[in-house]
Structures are given as structure tokens and as C-alpha cells.
Amino acid sequence: MPKVKNELLDSISQHIFYTLGKRVDTASTYDFYMALCYAVRDRMMELHLNQLNKSENTKQVAYLSAEFLIGPQLGNNLVNLGIQEEARQALEKYDLTLDEVLEKSEEPGLGNGGLGRLAACYMESLSTLEVPAIGYGIRYKFGIFKQVIADNQQYEVTDNWLHGGWPWELAYPADTRTVGFGGKVEHYTSATDGTYKSRWVPSQIVEGVPYDVLQVGYKNGCNKLRLWRADAKDIFDFGAFNQGDYLGSVEESVRSETISKVLYPNDGTDAGRQLRLKQQFFFVSCSIQDMLVSLTKRRVPVTDFPDYYTLQLNDTHPSIAVAELMRLLIDEHHLDWDTAWSVTSKSIAYTNHTLLPEALEKWDVSMFEELLPRHLEIIYEINERFLQVVRLKYPGDSEMLSKLSIICEDGNKSVRMAHLATVGSHHVNGVAVLHSELVKSQLMPEFYDLWPHKFENVTNGVTPRRWLKSCNQPLAEVLDNAVGPEWVTNMDILRKLEEQQDDSNLLEQIAETKLIGKHKLASYINNNLGVLVDPSSMFDVHVKRIHEYKRQHLKALEVVIQYLRIKNGADYVPRTVIFGGKAAPGYYMAKQIIHFINCLAEVINSDPDMEGKLKVVFLPNYSVKLGELVYPAADLSEQISTAGKEASGTGNMKFQMNGALTIGTLDGANVEIRDLVGEENFFLFGKNEEEIGKLQSDGYYPRNFLNHEIEEALNLIRVGHFSHGNQNIFSDLLENIINYDPFFVLADLEHYVSVQDTVSANWIDRENWYKKSLTNIARSGFFSSDRSIKDYCQKIWKIER
Ligand code: 26W
């Protein structure tokens, strides 16, 4: 294996010269950024190709996800390779600072939110733990839209992230796969063994070109992401061109390339668009073909597939994999049904990330008939054999049959992808203890009754490298000094901090690191939004996708109540309330909430009565890059979803690791955070999942939860106080809360406001606050994605590390 001998400094100059074709003395900062990326990639390629040899015949994890929200790469790769200082010194030689070069980092927005970022954290931990793995996904040309806030509203701008080229990807055209769509299925009797055979004859053929992106671990391990780009088989139709039909000549390639053109910006609402299903089948078929070809190349019989690959479905988005693996094993590798089924069901496992009915994917049978006729046949066969098992277990129970069936008969027939995933998987897991219980009791009680052994829990986690070591270096150094540097790969060591919780010096150091983070964010806010915020005020942060169940409008109403109190002369412990998050473009109420928050901020920030007391900021275009600036700066973490709705949350874990205290409901992983840090170190409010369930079933009348203050606040909004007197702008939002309130905002508001007052009282006693902060950091080890991956290895993938 070639060894990268020369120093980073030389590599940079060589890449500027040979790779970029520039002279060092005329190179721009962007050229140095690109050259440094290539130099770092060289070192990662060494690790990766060496690792490949070692892991040749060990079982690999194939993590199939429609989203990988990997964030900017350079900073994290320098930290994980342990060459950040070397890079800083090399750039100094060219009078450049590392920060100004890192600023050039592009963010590949190949995901919407939680699910996509979790996949990225898991890829980093799989490498760090040296678990052989491949992340299979889609190389979207346009990622998640850029959010622009104009006249207090969200506007979406295309994310042309690849415009300047992206140094972290490497194309492998030799591994191009072909994927079919549409057409028909021919049935014939095989001449060789006389068995009944099927042959799919697609009407459209698309090529999948793989681009590999290395994902380096901390100080060792380097797996890859393989992202597929769709390309036309025949990219140009000369015949059409010769007839002057120029559009016709490129029509086929446009149709094909469209498949990987753009990420669907919905975070939890199934669009049900045909192109979405084409995207899902495209990357799943390319990926499974890729694995089968690799086995064939290694002369491994496909019947041994489960010994070489364990497939994890990141929600139902890749669940067509169950039918596609069956098709390839039966139609192309000529296995009989039972053998193919045992290979398939031994190889696949499925993770559920949401209980929201509108997020559960159901594809019309008609769409399958048109797009994937052979797969529909296979799904019918899978379902028929499955229902045989159900009939045996629940004889004569037709209701059980219809509840469990993969095919939903009511309305226009549809394929329930969660059912297909569950029937075809050896394990189904939720992403937090409460969520996994609700998957069993609410989402799939019939499946749980049928197959209790299949259901597992693996609580989410986040990588401490990007979300602490890399984005909060002041705190990382304090931790290095306090408990030694091993915490980065063994977060349980942080428990040792508790022995020093009375060390006022250590508490001051932690307070100091928080202040550094707040100053950095404050200057970002001032430079980009022109709003002056006071770093000595409490930074109260609510950043995540905008969704009614995440209840950004609950926080906004609490702010209106505090605003009214201040206007009425009440004292107020100074706070800066910081919001951030994108709304799915078609999600009207979420956009209303963004509009309201920005109008609220405008009025409050220009009101002299609020000076030194309350400021409100909405950070546009919230992303991984912005998250790295926000988590180190937060004092209070808002995790206020309606109990039973947030599957886990992962931002909550990032805030905890960075010493923020949480105000939250007993929802998702908040429950486990509170159990670990202790109720005295967590600000709990609101009704729990059972109480919400009872309120729902007993009949919920939001007006019953109005008190004087809440009425005053709602009235202030109604009269247009935050909308220049225009009374209609927020009438839909108000109407929704007062008459329907599907996420029980009014049911929890009074308690929420009183607990926020408790938070203010705690904030005043700074030493006590930082004791709680230290305890939160000390007990954040469980929420490392390394622990999650170890759980998957032990509980689901059966991989001995
Ligand atoms: C079909 C449209 C669609 C798109 C995305 C449906 C569902 C999704 C995702 C499952 C939504 C998502 O990101 N869920 C979040 O997953 C995180 C990682 O497990 C959890 O921490 C969050 O609680 C959950 O909302």
C-alpha cells in the first residue's frame, strides 16, 4: 500500500499545483481549502484501503438510508485524524487561519433532520468502533433547501451544493448498476428444471453511478458512504436530434437524471409522489446489486448473503429492499422461494423513527402496478404466505388478517411499507425506550402479539467527536484536564467529573467555556441578523425542524406571556430566546409558526421596555454547521414536544453533552435523560403520554385550559399587536390552538410557564446551575452513538466487535 509520507504542508502545495493546477503564490483561500481537503482525503484513503484488506471476509453492516446529513467534512476529519494542529501550522505558513479555511466548507444537505443526522452519527461511530460498514444512499444534486427569511417568512432557495465541485467524493463508474422501471412481467417454464419462472421486462432503464465518501473514525477506522447518482443509459438520442427534436434527444436522460435530482424536504409527512418511490427503489436496487456483485466476485454463494451483510433499514424509506432482494435472488440467481425468503429475512432489520400516522408510507397498488409490477407480484406472494401464518395463529380472525396484511384494502388498495418491512425483517426497533414501547402497544400491537421476539429498542445517540470534541474545543480541553482525553471514545469516563462537582475552579471553567460559546454565537447573530444579544443573559434555545408536535408555538406563547408581564412592570431574569428550524415547504401551519415567531421577535427586539430583559432571535437556515455554533452556546435546551410524539430527539442529547439544562416533557429520550441526570437536574413539565391519551379519549376542550394570562396573550395576538394591527395574519394559528389544539399546547401552557419561572430562579444561583450542568455532562455518556452502535451489534446485527 502506498504510504502518504510527506507533511501536510507539502501535500497542500502539491495538490494546489497538481490537482488544482494553480501556482501556490496565486492560490486563493478557496484553493487552499480544496487542497487541504484533498490532502486529508489522501490520509483517509490510506486508512480505508488498509481496512478493506482486514475486513475482507467479515460481516459488514449495510446501512440503507434515503438521508445522510453528514454536515461539513473538513473540520471533523482533521479532529478525527488528530491533525488539526498540523493543519493550523501548515496554513499559518501561507498566512491563513484554519477558521477562515474551514469557513469555505460546503454542507451537503443530504437530509431533513433527525433521521438523516442519526445516520451520519452512526457512520462515524461505526468507523470509530472499526465495525465494517457501508452507508448506502442517494447523491442528491440539490439537498435540503436553503431557508431565507424575508418579511418574516420562510422562502426556499435551491441548494446547489455541488456547484464548486466537492473534494470528498470519488466516482466509481466501473461499479455502475442498472435499474429498471415499469414495463411488464413475463412468465415462462424454465427449460433447465421445468420450474415456473418470471422475467421482468422494464420499459425504462436507468444507470446508477456510485460516488464514495469516506467516513473516518476517531484515531482509527474509515468506512465509506456509497451514494448513487442516476444517469440515463443512452444519454443522447441522436435519432431525435437529427430530426431537429432537440428536446426529444435529451428527454430520456432528463427523465433518468431527475431521479437523484432533489431531496424531498418533508420531515414526517408522506408526499406519496411517484418520483419518491422511484428514488427509493433506485438506490435500494443499486445497493443490493452492489453487494451481490461483491459476493460473486469473492466466489461466495448468494445463499451465504446473511453471513456477509446485515442490512439496516433507516425507517421504511428503503423497505422495498425486502421485495428487491427476493427478486434478485429468485429471478436472477434462481433460488427457490423458501431459500430466498430465509436469506432475505435473515439479512434485514428495520428501525422505526416515527409514530405519526401521516409519516407512515403507504404506496397505492396502482403505482406499484405501473412502476414495479414484478415487485408487486412478490409482495402479494410474501403477503399470502404471511397471512397463512396468521390464519394458523388466529384461526377465523378476519379482523386480525386485515390489520396485519401488507395490503391495505380500505379505500384504494395500498402497500403498507411498515408491514412489509416488519414481515421481512428479523428485528424491528424503536429509537428510545418510551417510543419502542409505543411501537409495540400503539403502532404494531398485532405484530408484537404475533412476533414479540422481533421487537427491540436501541436508544439513539450522537457522536461526541463532532458534537463536543470538534464544535466545543474549550469544553473539550476542560474535560481533557479534568478526566483525561480518553472520554472522546469512552464517554462513561465523564462520570468521574462528579467527584469534582464541588471544585469551584472546575465549575468556573465550565461556565467560562459556555460564555465563550455564547460570545461566538452572539457575534454571529450580530453580524448576520444585526441583533445585539447579551451573552450574560440566559440563552434559551429551541432548534429543530418546525412541526406542530414539536410545539414551537407553545414556546412562542410563553414568550408573549413573559412579554406582557414585563410590560406590566414585572421583574424578569434576562433571557435571549433563540429559535431555528426549517418547515417543509408545503406545511402551512409550520410556516405560520415561523411567521409568528419572526413578527414576535421584531416587536420585542425594537421595544425599549424589553432592553436588557428579553430578546428573541430566529436563526435562518438552521443546519449541521449552525448547530455546531448553537449547542456550545445554549444554557437551556427546549425539548417540549407533546408526550408520545417525539420518537427520541437527538438535539436533546447534544445540548446535554454541551452542559445545557433541559426543560422538557416526558417524551422520547427526554425520559432517559431525566432518569440518568436525576429529576433535580432536569426541568420537567406537562402531561405524560398516558395523561395525553386520557385527555384525548375523554374529549379535549382547549378552552378549559385558558387562564387570565393566556387569554390576554391570545388576545394580544388576535388584535394584531405583533402584526402591525393586522388581525387576520395569525387567525388560522389562533383558531387552530383555541378550537382544536391537536398537540395539547393549552393543556400544558400554564404548567410550562410556571416551570420556566423555576428555571429563571435556578439561573440566578449560577454556582448551583453549573453543578447541574456538570452533572448533565457527566451523565451524557449513555447518549454517545458509540453506545447505540454497540447495542445494534449485540442486539440486532449479532456482530462480535
Ligand atoms: C415520508 C416522509 C418522511 C420523511 C422523514 C417520514 C418520516 C421521516 C423521518 C422518520 C422523520 C424523522 O426524522 N424522525 C426523527 O428521527 C429521529 C432519529 O431517530 C428521532 O430522534 C426523532 O424523534 C424523529 O422525529
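Before anything else, my ground rule for elements: helices (H or I, at least four residues) and strands (E, at least two) are DSSP runs, numbered from the N terminus. The model is predicted, so I take local features only at pLDDT of at least 70 and side-chain atom pairs only at pLDDT 80 or more, while totals for chains, interfaces and linings use all residues. I number residues from 1 along each chain as its sequence is written, and side-chain values use heavy atoms, with hydrogens and water left out.

I looked up Arg551, which sits in the loop between E18 and helix H22 (552–567). Its phi is near 60 degrees, a positive value in a residue other than glycine. Is Arg551 buried or exposed? Arg551 is buried, at 0% relative accessible area; buried means under 20%, exposed over 50%, and partly exposed in between (1.4 Å probe, protein chains only).

Asn152 went on the page too, with a positive phi of about 65 degrees although it is not a glycine. I find Asn152 in the loop between strand E3 (146–150) and strand E4 (153–157). Asn152 counts as buried because its relative accessibility is 19%.

**Entry: domains**

I noted three domains: domain 1 (1–55 + 77–105), domain 2 (57–72 + 107–361 + 426–459 + 790–797) and domain 3 (537–779). The bounds come from an automatic or database domain assignment. Taken over C-alpha atoms, the centres of domain 1 and domain 3 are 43 Å apart.

**Entry: the ligand**

How many residues surround the ligand? I get 21, and the closest are His353, Asn460, Tyr549, Glu646 and Gly649; a residue is near if one of its heavy atoms lies within 4 Å. Domain 2 and domain 3 each supply at least three residues of the shell. Helix H6 (residues 114–128) gives the most, with three residues. By class I see six nonpolar, nine polar and six charged residues in the shell. For those classes, Ala, Val, Leu, Ile, Met, Phe, Trp, Tyr, Cys and Pro count as nonpolar, Asp, Glu, Lys and Arg as charged, and the others, Gly among them, as polar.

Next I checked the side chains that reach ligand oxygen atoms. For Tyr549, a side-chain N or O atom lies 3.0 Å from an oxygen atom of the ligand, and for Asp267 the value is 3.4 Å. Taken alone, the ligand exposes 570 Å², and the protein buries 96% of that (Shrake-Rupley method, 1.4 Å probe).

**Entry: Ser294**

I placed Ser294 in helix H9 (residues 274–297). Ser294 is partly exposed, with a relative accessible area of 22%. Its side chain makes a polar contact of 3.2 Å with that of Tyr309; such a contact is a pair of N or O atoms within 3.5 Å, and within protein one must be able to donate a hydrogen and the other to accept it.

**Entry: sheets**

I traced an open sheet of six strands, E20-E19-E18-E21-E22-E23, with parallel pairing; strands pair if DSSP finds at least two bridges between them. Its edges are strand E20 (614–619) and strand E23 (683–684), each pairing on one side only. Strand E18 (residues 538–543) pairs with strand E21 (residues 636–639) over two bridges, and Asp540 stands opposite Leu636 in E21.

The other open sheet I traced has three strands in the order E13-E15-E14, paired antiparallel. Strand E13 (362–364) and strand E14 (407–408) each have a single partner strand, so one side of each has no neighbour in the sheet. I also noted Ile407 opposite Val415 in E15.
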